[in-house]
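Here are some exercises to work through with the model open beside you. Try each one before you read its solution.

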Amino acid sequence: MNRQLGKQAILDAAAVLMDERGVDNVTTQDINQASGHRNRSAVQYHFGTRDAVIQAVMARSMEPVDAERNLLLDHLEGTSGRLTPRAALEVLVSPLARQLRSPEGRRYLRIGAQLINHPRFVRDSGDAIMVNTSVSRCARYILPALSHLPPQIAAERTSLATGFVIRSIGDQCRLMDSDPPPRTVLSVEDFSANLVDMILAILQAPTSVIVDSPK
């Protein structure tokens, strides 16, 4: 097994195990054994730590999503200039939702939903805005939808909305893989459109919170 194939075997095995058992319930020994490596130190050799394996699993699936978003943004900026918050949300959500179409994609999305709740990987859901270039680009067009809110409330909405997107898509994965599903499963297109509708409503909703001005 050459080096690159060896790394891919580790990532494939780690993704399956962490999806099935949870990211904290899988050891490097488990990954080594499931990946078919005879060398018991293969994970350490290729990645160093288990957390580095988790990050590599996510990066492998995130990179093509990031690239697709950037291509969409390039096209839309070139044809229409500045995007509306809705258009930017559609660019943010749709490529991610399309991962629902494959078992590998749903596995990635479920692991992502685990990590958004994991304090070792994500301190605050709002930090995900800086996770890659396409998300940062989308955020520049989405954040004006929060301009009617005090800064503290806008930051809270951003964090909650970001986490909501990731958790909602993870829940959709579980629904799609249930046999039988407990309720009707929307098409990927309808699920994505409905999610954009909900996030936009969350961002644009007025607030009843009165924030004291700094003294």
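**Exercise 1.** Find out which helices the buried residues of α7 pack against.

*Solution.* Start with the burial of α7: eight of its ten residues are buried, where buried means under 20% relative accessible area, exposed over 50% and partly exposed in between (1.4 Å probe, protein chains only). Those residues are Ser134, Val135, Ser136, Arg137, Cys138, Ala139, Tyr141 and Ile142. Next, look for their partners, with contact taken as heavy atoms within 4.5 Å. The buried residues of α7 pack against α4, α5 and α9.

A word on the ground rules: this is a predicted model, so local features need pLDDT of at least 70 and side-chain atom pairs count only at pLDDT 80 or more, while totals for chains, interfaces and linings use all residues. Residues are numbered from 1 along each chain as its sequence is written, and side-chain values use heavy atoms, with hydrogens and water left out. Helices (H or I, at least four residues) and strands (E, at least two) are DSSP runs, numbered from the N terminus.

**Exercise 2.** Describe how α4 crosses α7 and say which residues make the contact.

*Solution.* Two packed helices are described by the angle between their axes and the distance between the axes. Axes here are lines fitted to C-alpha atoms, for helices over the stretch in contact, and angles run from 0 to 180 degrees between N-to-C directions. For α4 and α7, the axes come within 8 Å and cross at roughly 40°. That makes α4 oblique to α7, since angles under 35 degrees count as roughly parallel, over 145 as roughly antiparallel, 65 to 115 as roughly perpendicular and the rest as oblique. On the α4 side, the contact uses Asp66, Arg69, Asn70, Leu73, Asp74 and Glu77; on the α7 side, Thr133, Ser134, Val135, Arg137, Cys138 and Tyr141. Sorted by class, the contact of α4 with α7 has four nonpolar, three polar and five charged residues (Ala, Val, Leu, Ile, Met, Phe, Trp, Tyr, Cys and Pro count as nonpolar, Asp, Glu, Lys and Arg as charged, and the others, Gly among them, as polar).

**Exercise 3.** Check the span of α5, then list what covers its buried residues.

*Solution.* Helix α5 covers residues 85-97, 13 residues in total. The expected span is 1.5 Å times one less than the number of residues. That gives 18 Å for α5, and its end C-alpha atoms are 18 Å apart, so the two agree. Buried residues of α5 include Ala88, Leu89, Val91 and Leu92. Their cover includes α4 (50-80), α6 (103-116), α7 (133-142), α8 (151-176) and α9 (188-204).

**Exercise 4.** Is alanine 14 buried or exposed, and what does it touch?

*Solution.* Alanine 14 sits in helix α1 (residues 3-21). Its relative accessible area is 0%, so alanine 14 is buried. Leaving out residues up to four places away in sequence, alanine 14 touches Ile31, Val53 and Val57.
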